[in-house]
Amino acid sequence: ASPVHVGSGTVRCAHGILPVPAPATAYILRDVPIYGGGIDGELCTPTGAALLRHFVTRFGDMPVMTLRAVGCGMGHKDFPRANCLRAMLGDTAADIGDVYELACNLDDMTGEDIAFAMERLLEARSDEEVSKLLQDCGYPELDAARPEAMDAALSQAREELLTDLGDGAPDPRYIDIFKLKYDYHNAKAILKAAAMGTSPDRMLMDMGRIGAAELKTAVESGELDKLPGALPAAVAEAKSVLDTARDPQLSDIVVDRWMYRDMAQVAEDTGSQFLRGYVETQIDAANLRALIRTLRMGKNADFLAGVLFESGTVEPAAILAAANRPAGGLNEIYGPTRFAQAAEAGEAALKGGSLTEFEKRCDDAVSDYLAGAQMIPFGEAPLLAYLAARETEYTNIRILLMGHAAGLSPEVIRSRLRRTCA
């Protein structure tokens with residue numbers, strides 16, 4: 001990087017008016033060539049200094065190089081010169097190897113902007129106005145009157161996002177963790193369609209680690225050895241269940257169990273503590289849902305034991321114990337966790353309350369975990385949280401469109417929207 005222009009003059013901060021560079025900036029930039037003057041104001045903050053210190057190994061003049069790409073970032077403050085940060089990627093004669101840049105800003109919409117846009121969508125007077133507002137936010141034309149086309153458009157948006165971020169992700173498995181659920185969704189659809197003698201094509205989503213058509217061919221031919229992750233074992237066991245028990249629900253449970261095992265293994269292989277926690281939180285949410293649904297259906301403990309998943313933070317044995325005394329057991333187990341409100345909503349659902357509210361609280365608890373990424377400046381956590389937030393955004397758009405088309409009031413739709421971590 002070039003020597004750092006820190007600016008000049010003073011800057012107002014939490015501790016009062018301080019000289020530029022601020023003390024924290026000056027401390028971080030020890031042994032880094034800096035200069036000031038020319039512009040009155042702070043040009044390098046402590047955060048910017050920390051990024052430079054972490055990623056840059058050499059400061060000096062720009063070398064002779066073949067330019068490959070240029071990126072510019074514009075600031076909001078007005079200075080006599082352009083408030084612009086420029087990064088250039090190129091090959092030098094010495095061929096020093098690949099250079100990677102980690103962009104810190106994945107989305108240019110603030111939380112306030114998102115909330116304002118959502119309120120405009122909720123208050124829209126017609127489906128056409130909702131569609132127009134979504135297009136203004138960068139989405140394709142979405143029409144709740146054509147649910148299949150709407151779902152296809154949202155799926156396309158998901159696929160483009162995963163493809164765009166996959167090219168620059170530090171580890172492709174961070175993207176795979178969001179793709180693999182579509183592999184298992186497709187496996188369920190293909191297996192059940194084969195059992196019923198129908199075509200699964202309408203249900204397939206071409207967004208997994210393996211193409212839907214390729215997966216369909218592998219399942220129908222029995223040649224499973226080239227499938228990724230735990231898919232071969234999942235398909236083989238689920239097919240056996242369908243062939244013997246003829247129970248699609250049990251087959252789905254088998255596939256889901258292998259899916260969570262696959263997710264846990266991918267997280268473990270990456271060595272990411274944040275990703276492991278994300279998977280554990282999803283498993284906790286799935287197990288809490290299984291507990292409430294089992295109790296609502298009046299099923300016994302043996303049934304519950306068969307639908308609980310491993311690798312969460314709450315042991316299946318503790319969940320089984322809570323099933324025997326749901327009135328106090330749920331709070332005892334989930335009260336100290338991020339699922340406390342979801343458990344309360346679950347108890348209410350067991351007494352005739354809203355199951356929709358319970359499902360929403362489970363999703364919100366997962367978002368609460370992801371919100372912790374806002375306090376992590378480096379690494380994979382912000383990327384994972386951003387991808388999960390976009391998934392929630394797609395869910396909320398569908399809830400909003402379908403609710404508006406059904407004539408639900410803004411208050412009812414708002415109560416069903418999931419909380420995002422962004």
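Is aspartate 31 buried or exposed? Aspartate 31 is exposed, because its relative accessible area is 78% and anything over 50% counts as exposed. Before that, a word on what we are looking at.

This is a predicted model. The mean pLDDT of the chain is 85, and 93% of its residues reach 70 or more. Where pLDDT is low, the predicted coordinates should not be read in detail.

Now back to the loops. Aspartate 31 sits in the loop between helix 1 and strand 4, the strand at 34-42. Its phi is positive, about 70°, although the residue is not a glycine. Arginine 246 is another such case: its phi is near 55°, again a positive value in a residue other than glycine. You will find arginine 246 in the loop between helix 8 and helix 9. Arginine 246 is exposed as well, with a relative accessible area of 61%.

One more item of backbone geometry. Valine 20 and proline 21 are joined by a cis peptide bond, with omega about 0°. Proline 21 belongs to the loop between strand 3, residues 16-19, and helix 1, residues 23-28. I point these cases out because most residues other than glycine have a negative phi, and most peptide bonds are trans.

Next, the helices on either side of arginine 246's loop, helix 8 and helix 9. Their axes come within 9 Å and cross at roughly 165°. Angles over 145 degrees count as roughly antiparallel, so that is the term for helix 8 and helix 9. Helix 8 passes helix 9 in a right-handed crossing. On the helix 8 side, the residues that meet helix 9 include Leu231, Ala234, Val241 and Leu242. Among their partners in helix 9 are Pro248, Leu250, Val254 and Trp258. The residues of this contact divide into 11 nonpolar, one polar and two charged.

Which helix packs with helix 9 at an angle of about 160°? That is helix 10, residues 273-297, and the two axes are 8 Å apart. The angle makes helix 9 roughly antiparallel to helix 10. Here the crossing of helix 9 past helix 10 is left-handed. Helix 9 contributes Tyr260, Met263, Ala264, Ala267, Glu268 and Thr270 to the contact. From helix 10 come Leu275, Arg276, Val279, Gln282, Ile283 and Ala286. Sorted by type, the contact residues are eight nonpolar, two polar and two charged.

Definitions and conventions. Residues are numbered from 1 along each chain as its sequence is written. This is a predicted model: local features need pLDDT of at least 70, side-chain atom pairs count only at pLDDT 80 or more; totals for chains, interfaces and linings use all residues. Side-chain values use heavy atoms; hydrogens and water are left out. Axes are lines fitted to C-alpha atoms, for helices over the stretch in contact, and angles run from 0 to 180 degrees between N-to-C directions. Helices (H or I, at least four residues) and strands (E, at least two) are DSSP runs, numbered from the N terminus. Angles under 35 degrees count as roughly parallel, over 145 as roughly antiparallel, 65 to 115 as roughly perpendicular and the rest as oblique. A crossing is left-handed if the near helix is turned anticlockwise from the far one by less than a right angle, and right-handed if clockwise. Contact means heavy atoms within 4.5 Å. Ala, Val, Leu, Ile, Met, Phe, Trp, Tyr, Cys and Pro count as nonpolar, Asp, Glu, Lys and Arg as charged, and the others, Gly among them, as polar. pLDDT is the predictor's confidence in each residue, from 0 to 100. Buried means under 20% relative accessible area, exposed over 50%, partly exposed in between (1.4 Å probe, protein chains only).
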